[in-house]
Amino acid sequence: MRIDILTLFPEMFAPLYSSIPARAQTAGKVQIELHNLRDYAAAPHHQVDDTPFGGGPGMVLKPEPLAAALQSIQDEEKDKPARVIYLSPQGIPLTQRLAEELSQLPRLLLVCGHYEGIDERIIDKYIDMEVSIGDYVLSNGELGAMVLSDAVIRLLDGVIASDSAAQESFSTGILDHPHYTKPAIFEGMAVPEVLLSGNHKHIEAWRQEQALAATKRKRPDLLQ
Ligand code: 9WO
C-alpha cells in the first residue's frame, strides 16, 4: 500500500518512523510519502490560508494550493488512484471495520486541515470521504492522519503475525482478555492458576469468558 499525506507540518509524523509502521516500511509493505502543502502555494508569499468569507475568527486553508497538491500527488501514480480522505470531526467514525476496509485499498491520500478547516469546495470536489477518529476537536488533522495510518498499516498482510491480528480486540467484536507475564507472584498478587496449568483448552475457555466479562463491564455498548 502507498499512503500519501498532505500536511503543513511533515515533521509531526515522526511516530510513523518508529515501531510497527517503521518496520512495515522497511519490509516494503507500505510506502509513506509526506507532502508539504506550502510547496504548492504560489510565490512570493506561499500563502496557504486566508480569512473566512462571512467573517468570524481564524483562518481557512485556501483552495488553490490544496487543489494543486491533490492533483499533483494523484498524478504521481496514475494507475493507482488514491482514496482521498480528510480527517475532521465532521467525518464518519473510524472503526476497526473501516480500518480493515481501507487496508484493502492500494493507495490512500490523507489531507490534514488546520486553523478553522479547509475551503468547502475542496471537500465537494476532491475529497472522497471525511473520517473522524473520535468526538473531540484537535488542533489539526495530523494526529488523526497518524492514528488512521497506524490502524491501517498494522492490518496489512505480513506486518504483524496474522493470528495476533485476528485475535485482538474488535476483530472478535469484543474486548481483549487480561494478560500476565513473569513473575508468577507480583506484590502479593498471583497469576490466575489456569494460565499455569498448561491446559490450552481450559486457558482458551478462561480467556473467552474473561473477555466477555470485561466487555459487559467496560463496554456494554459493544454487545448491543
Ligand atoms: C476550529 C474552530 C475554531 C473556532 C470555531 C470553530 C472551529 N472549528 C475548528 C475545527 O474544527 N478545526 C479543525 C482542526 C479543522 C480541521 C483540522 N482540525 C481538526 C481535525 N481538529 N480535529 C480534527 C479531527 C480529525 C479527526 N478526528 C477527530 C478530530
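How many salt bridges does a search of the whole structure find? I ran the search and got eight. I keep in mind that this is a predicted model.

**Entry: a salt bridge**

I then checked where the partners sit. R2 belongs to strand 1, residues 2-7. E76 lies in the loop between helix 2 (63-75) and strand 5. The two are 74 residues apart, and the pair links distant parts of the chain. Side chains of opposite charge can pair when their charged atoms come close.

**Entry: the ligand shell**

Next I looked up the ligand.

**Entry: backbone contacts to the ligand**

I went through the nitrogen atoms of the ligand. For I133, a backbone N or O atom lies 2.7 Å from a ligand nitrogen. For L138, a polar backbone atom is 2.9 Å from a ligand nitrogen. For Y115, I read 3.1 Å between a backbone N or O atom and a nitrogen of the ligand. The protein covers 76% of the ligand's accessible area, which is 600 Å² for the ligand on its own.

I also checked the pockets. The largest pocket is the space that the ligand takes.

**Entry: cis peptide bonds**

Where do I find cis peptide bonds? One runs from A43 to P44, with omega near 5°. P44 sits in the loop between strand 2 (31-36) and strand 3 (49-50). Another joins K182 and P183, and there omega is about 10°. I located P183 in the loop between helix 6 (162-167) and strand 8 (185-186).

**Entry: a positive phi**

Last, I looked at S19. Its phi is positive, about 60°. S19 is not a glycine, so I flagged the value. I place S19 in helix 1, which spans residues 19-26.

Methods. Residues are numbered from 1 along each chain as its sequence is written. This is a predicted model: local features need pLDDT of at least 70, side-chain atom pairs count only at pLDDT 80 or more; totals for chains, interfaces and linings use all residues. Side-chain values use heavy atoms; hydrogens and water are left out. A polar contact is a pair of N or O atoms within 3.5 Å; within protein, one must be able to donate a hydrogen and the other to accept it, and residues adjacent in sequence count only if both atoms are side-chain atoms. Accessible areas come from the Shrake-Rupley method with a 1.4 Å probe; for residues, only the protein chains shown count as cover. On a 1 Å grid over the protein atoms alone, a cavity is a set of points where a 1.4 Å probe fits but cannot get out, and a pocket is an open set with protein on both sides within 12 Å along at least five of seven lines; lining residues have an atom within 4 Å of a point. A molecule sits in a cavity or pocket if more than half of its atoms lie within 2 Å of its grid points. A salt bridge is a side-chain nitrogen of Lys or Arg within 4 Å of a carboxyl oxygen of Asp or Glu. Helices (H or I, at least four residues) and strands (E, at least two) are DSSP runs, numbered from the N terminus.
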